[in-house]
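Consider the structure shown below.

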Amino acid sequence: MSHKSAEMYELKKKVEELKGYRGRATELVSLYVPAGYDLNKVMQQLREEYGTAQNIKSKSTRKNVLGALERAMQHLKLYRKTPETGLALFVGNVSEQEGVSDIKLWAIIPPEPLKVRLYRCDQTFITEPLEEMLRVKDAYGLITVEKNEATIGVLRGKRIDVIDELTSNVPGKTRAGGQSARRYERIREQETHEFMKRIAEHANKAFLPLLEKGELRGIIIGGPGPTKEDFIDGEYLHHELRKKIIGVVDISYSGAYGLKELVEKASDILKDHEAIKERHLIQNFFRHLVKDTGMITYGENEVRKALELGAVDTLLISEGYDRVRVKVKCNSCGWEELKTMSESEFHVYKKKLTHCPKCGSQNLSFEKWDVAEELIKMAEESGSEVEVISLDTEEGQQFYKAFGGIAAFLRYKIQ
């Protein structure tokens with residue numbers, strides 16, 4: 001995985017976190033500074049917003065908005081100029097207790113240049129510009145064709161989406177009684193022609209918007225017999241889409257499973273595509289597991305140990321991995337505890353642990369951080385590759401459910 005891909009994964013986690021917060025009033029500040037924009041102008045705008053916010057009638061809302069703006073202006077002073085790709089700031093009171101202020105700030109330097117300039121004070125953080133960055137742009141059109149059914153889909157990233165499933169009334173080869181063979185064949189040909197036109201209409205509707213956006217990389221067509229060639233040779237598709245056909249593949253199935261088989265059979269054509277790379281990566285992991293080569297490891301503790309030793313060649317982390325590392329410390333006696341748990345377990349743990357188990361003090365401090373981000377940072381520092389495994393493929397689901405979503409290929413065997 002490139003450094004940019006690791007940044008995209010971390011950005012996705014941050015966006016998910018930001019979307020989970022909701023203010024008690026319009027008091028959460030979102031600020032987007034596009035690449036190349038003058039920070040002095042941003043500071044001037046925030047000072048003006050600060051002056052306006054002093055007129056807010058609600059005392060608590062006024063206090064939180066002013067606090068957020070002060071924190072934002074204070075943070076902007078750390079930059080001599082706008083970062084190369086721009087800057088997104090999110091500031092606000094995220095306390096779950098009414099009347100208690102807990103103003104937090106997130107500063108995100110995006111992996112791609114920001115093109116939007118925005119200031120918003122609302123009940124939620126505005127994350128749409130970052131979500132658009134996370135959206136996979138490149139897409140492949142998929143069509144499976146048989147005499148009496150067809151499926152249209154789109155491969156985007158590692159996900160296959162079914163767009164349309166069509167069926168026809170094309171009669172079988174056995175002619176009905178009383179009809180001449182020639183007349184019967186003409187009916188079949190006409191029905192087939194109409195069905196092909198209908199497939200093309202649905203495909204045009206699905207793929208032309210992608211083509212206009214510059215997102216359609218190619219179209220792959222599959223089917224069990226010669227119907228797919230008849231569909232192509234009949235020039236039913238829009239002429240611009242016909243230019244995008246990059247492969248014709250023999251497949252056995254139809255429907256959603258047919259689209260999956262189409263992608264698998266077209267692996268040579270799509271060899272550089274994310275879904276194919278991921279499938280080969282997980283299959284290679286399973287081969288090492290079955291052969292017990294000693295060149296893989298899995299589980300947080302085992303992977304963490306391998307990273308500390310510098311033994312990891314490639315770190316594998318599932319998109320679904322959501323564990324956090326929690327450190328609790330007693331500020332009275334110095335007692336500490338370090339644990340790994342899910343986000344929901346952390347909330348229960350924090351509510352239950354009200355007193356230090358050593359001295360009984362209530363003066364406890366909690367620190368929490370994302371395990372995946374921590375391990376990715378460790379991997380990058382030791383020169384290891386990082387691959388994020390999606391939940392959109394069968395192999396990705398298996399990796400997450402059977403191995404907890406964390407594993408590694410090793411540089412050498414660990415004793």
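A disulfide is a pair of cysteine sulfur atoms within 2.5 Å. By that criterion, a search of the whole structure finds zero disulfides. C330 is in none: the nearest cysteine sulfur, that of C359, is 3.7 Å away. C330 counts as buried, at 1% relative accessibility, whereas C121 is partly exposed, with a relative accessible area of 23%. Here buried means under 20% relative accessible area, exposed over 50%, and partly exposed in between, with a 1.4 Å probe and protein chains only.

The model is predicted, so local features need pLDDT of at least 70 and side-chain atom pairs count only at pLDDT 80 or more, while totals for chains, interfaces and linings use all residues. Residues are numbered from 1 along each chain as its sequence is written, and side-chain values use heavy atoms, leaving out hydrogens and water.

A nonpolar core is a set of buried Ala, Val, Leu, Ile, Met, Phe, Trp, Tyr and Cys residues joined through side-chain atoms within 4.5 Å. The largest one has 22 residues, of which I143, I199, F207, F231 and L237 touch the most other members. Two or more residues each come from β5 (139-145), β6 (149-156), α5 (181-212) and β8 (216-223); α5 gives the largest share, nine residues. Helices (H or I, at least four residues) and strands (E, at least two) are DSSP runs, numbered from the N terminus. Contact means heavy atoms within 4.5 Å. Not counting residues up to four places away in sequence, I199 touches I143, V145, A150, I152, L166 and F231.

Strands pair if DSSP finds at least two bridges between them. β12 (residues 323-330) and β13 (residues 336-342) pair in the antiparallel sense over seven bridges; K327 has L338 in β13 as its bridge partner. The two strands β12 and β13 form a hairpin with five residues between them, and G334 in the turn has a positive phi of about 90°.
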